[in-house]
Amino acid sequence: MDLGMVSPQDFVSLCEKSGLTDVLTKVLIEQTAKVVPKLKSKNGAHIKVSLNLSTSQFLSPVFLECLAELAKTRKDVLPNLEFEVKESTITHDFDQVELIVEKLAKLGVGVCIDDYGLGRYSLMYLQRIPVKSIKLSAAFTERLSWESAEVAFIEGIARFAGGLGAGYANW
């Protein structure tokens with residue numbers, strides 16, 4: 001049966017339903033570790049490879065186990081990795097996420113909060129976890145052309161995030 005093109009969300013959802021999320025995470029990290037050295041030689045040592053993770057992937061112990069293994073075999077790849085998680089992942093189990101982000105920071109791996117700004121405690125999360133960058137929700141950026149107050153709001157978030165050491169993107 002040919003399903004044709006499957007969206008990333010549908011693919012990850014199928015993996016989650018079939019119990020293959022950890023396998024997907026392992027393959028994703030292993031394949032990325034193979035590609036990063038080639039990308040670095042072609043594009044420079046400071047290249048970032050950003051990988052989107054679902055909540056279940058990010059919170060799975062297998063995720064940190066894969067990175068610990070990578071730290072033993074390909075430590076040079078770690079600073080080039082950044083994992084993107086939606087803001088809803090951060091709010092899912094904040095205490096666990098805080099521990100994971102701290103472990104990733106010790107490994108030199110970056111974390112980006114994707115779809116940022118819709119959560120009830122968005123600013124509090126930025127203060128407590130060392131993320132490298134944020135991507136604002138499209139709900140903010142879609143109104144930029146007709147609402148001048150939106151520009152001021154986004155600039156304020158960018159200054160706040162920059163003051164905490166996080167970068168910002170997609171505004």
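A salt bridge here is a side-chain nitrogen of Lys or Arg within 4 Å of a carboxyl oxygen of Asp or Glu. I started my notes with that rule.

**Ground rules.** The model is predicted, so I note that local features need pLDDT of at least 70 and side-chain atom pairs count only at pLDDT 80 or more, while totals for chains, interfaces and linings use all residues. Residues are numbered from 1 along each chain as its sequence is written, and side-chain values use heavy atoms, with hydrogens and water left out.

**Salt bridges.** How many salt bridges does the rule give? I got 3.

I looked at E98 and R128 to begin with: their side chains meet in a salt bridge, 3.1 Å from N to O. This pair links distant parts of the chain, with E98 in helix α6 (residues 94–107) and R128 in helix α7 (residues 122–128), 30 residues apart. I take helices as DSSP runs of H or I with at least four residues, and strands as runs of E with at least two, both numbered from the N terminus.

Is E98 buried or exposed? E98 counts as buried, at 15% relative accessibility, whereas R128 is partly exposed at 37%. The cut-offs I used: buried is under 20% relative accessible area, exposed is over 50%, and partly exposed is in between (1.4 Å probe, protein chains only).

Next I checked E84, which forms a salt bridge with K135; the closest N and O atoms are 2.9 Å apart. Here too distant parts of the chain are linked: E84 sits in strand β2 (residues 81–86) and K135 in strand β4 (residues 133–136), 51 residues apart. E84 is buried, with 6% relative accessibility.

The pair R74 and D76 also forms a salt bridge, with 3.3 Å between the closest N and O atoms. R74 is partly exposed at 29%, and D76 is partly exposed at 39%.

**Core.** I then turned to the nonpolar core (buried Ala, Val, Leu, Ile, Met, Phe, Trp, Tyr and Cys residues joined through side-chain atoms within 4.5 Å). The largest one has 39 residues, and among those with the most contacts inside it are F58, F63 and I134. Which helix gives the most to this core? Helix α4 (residues 61–73) does, with 6 residues. In soluble globular proteins, nonpolar side chains tend to be buried together.

Leaving aside neighbours within four places in sequence, F58 is in contact with residues including L53, F63, V85 and L104.

Notes: Contact means heavy atoms within 4.5 Å.
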